[in-house]
Amino acid sequence: MFSLFRQSKRPARSQLATDAMAPATAVQEDACLHLERACLRAEAGLGRDIPRPTLRFDIRGKTAGMAYSSHNLIRLNPKLLEENPDIFYTEVIPHELCHLLAHSLHGKVKPHGKEWQALMRGLFGLSPRTTHSLDTSSVSRSIEYRCQCGPVPLSVRRHNKVVRGDTRYLCRRCGDYLKQPDKR
C-alpha cells in the first residue's frame, strides 16, 4: 500500500542543524583537521577567505559524503571513513568542499559541472570523479532471491518494494520473476 508518510532521502531541516557533531574517534578528529587544511588550501588558491563548513559524521549506506550548500554543511559516512581514512582525507573531503565552493562562487550550478571540475583540478590537483570506488561490502546489505538460474542478491530497498507489493523484478539472465526463498 502506498503511504504518504514515507521517509524522504533528504534529511529534515532539524537534522541539518548547524552544530557540528563532536568527533567520536581519532579518525574523525583527523577528518576535521584535513577539512581545515583543505579550507586553507582553497583560501590560498582563491585569494579570499571562505567560511568554514560544519562537518557531521552521520551518513549511512554506500554514500561517502554529501555537501549541503544552503547550510554550509558536509556530511560523511563514519563507517566508510574508519575503513578508508586516507581516501577521505585526500579525495572525499576536497570533493565535498568543492561543491560548497562552486555554489558560493558561482551560485546555482550543476553538481559536477565545469565550475566544480575546475575547482577540483585547480585547487586540489584531483581528477574530477563523480563517484567513489570504495569497497562498500561492510555497509551493503542484500537479501537473497531466486530464479531459474540460481540465487540473486537484491538490495534492501528493492526487497522492501517487493514486500509492499510496489513492484516485481525479473532476472536479467533468464527473464524469470525473482522470488524470495521460503523461510523455514
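**Before you start**

The model is predicted, so local features need pLDDT of at least 70 and side-chain atom pairs count only at pLDDT 80 or more, while totals for chains, interfaces and linings use all residues. Residues are numbered from 1 along each chain as its sequence is written, and side-chain values use heavy atoms, with hydrogens and water left out.

**Stop 1: the whole protein**

Show everything as a cartoon. You will find five helices and five strands; helices (H or I, at least four residues) and strands (E, at least two) are DSSP runs, numbered from the N terminus. Starting at the N terminus, the order of elements is α-β-β-β-α-α-α-β-β-α.

Of the 184 residues, 35% are buried, meaning under 20% relative accessible area with a 1.4 Å probe, protein chains only.

**Stop 2**

Select residues 54-56, 65-68 and 73-76, which are β1, β2 and β3. Together they form an open sheet in the order β1-β3-β2, with mixed pairing; two strands pair if DSSP finds at least two bridges between them. The edge strands are β1 and β2, each pairing on one side only. From one strand to the next, the twist averages 15°.

Zoom in on β1 and β3, which pair in the parallel sense over three bridges. Here R56 stands opposite R75 in β3.

**Stop 3: the hairpin**

Next, select 142-147 (β4) and 150-155 (β5): these strands run antiparallel and are joined by six bridges. A hairpin of two residues links β4 to β5. Which residue of β5 does Y145 stand opposite? It is V152.

As you look along a strand, remember that in a regular strand the side chains alternate between the two faces of the sheet.

**Stop 4: two crossing helices**

Finally, select α1 (residues 26-46) and α4 (residues 114-124), whose axes come within 9 Å and cross at roughly 95°. Axes are lines fitted to C-alpha atoms, for helices over the stretch in contact, and angles run from 0 to 180 degrees between N-to-C directions. Therefore α1 is roughly perpendicular to α4, a label for angles of 65 to 115 degrees.

Show the side chains where they touch: A38, R41, A42, G45 and L46 of α1 meet L119, L123 and F124 of α4. Contact means heavy atoms within 4.5 Å.

Conventions: Buried < 20%, exposed > 50% of the residue type's maximum accessible area, 1.4 Å probe, protein only. Parallel < 35°, antiparallel > 145°, perpendicular 65-115°, else oblique.
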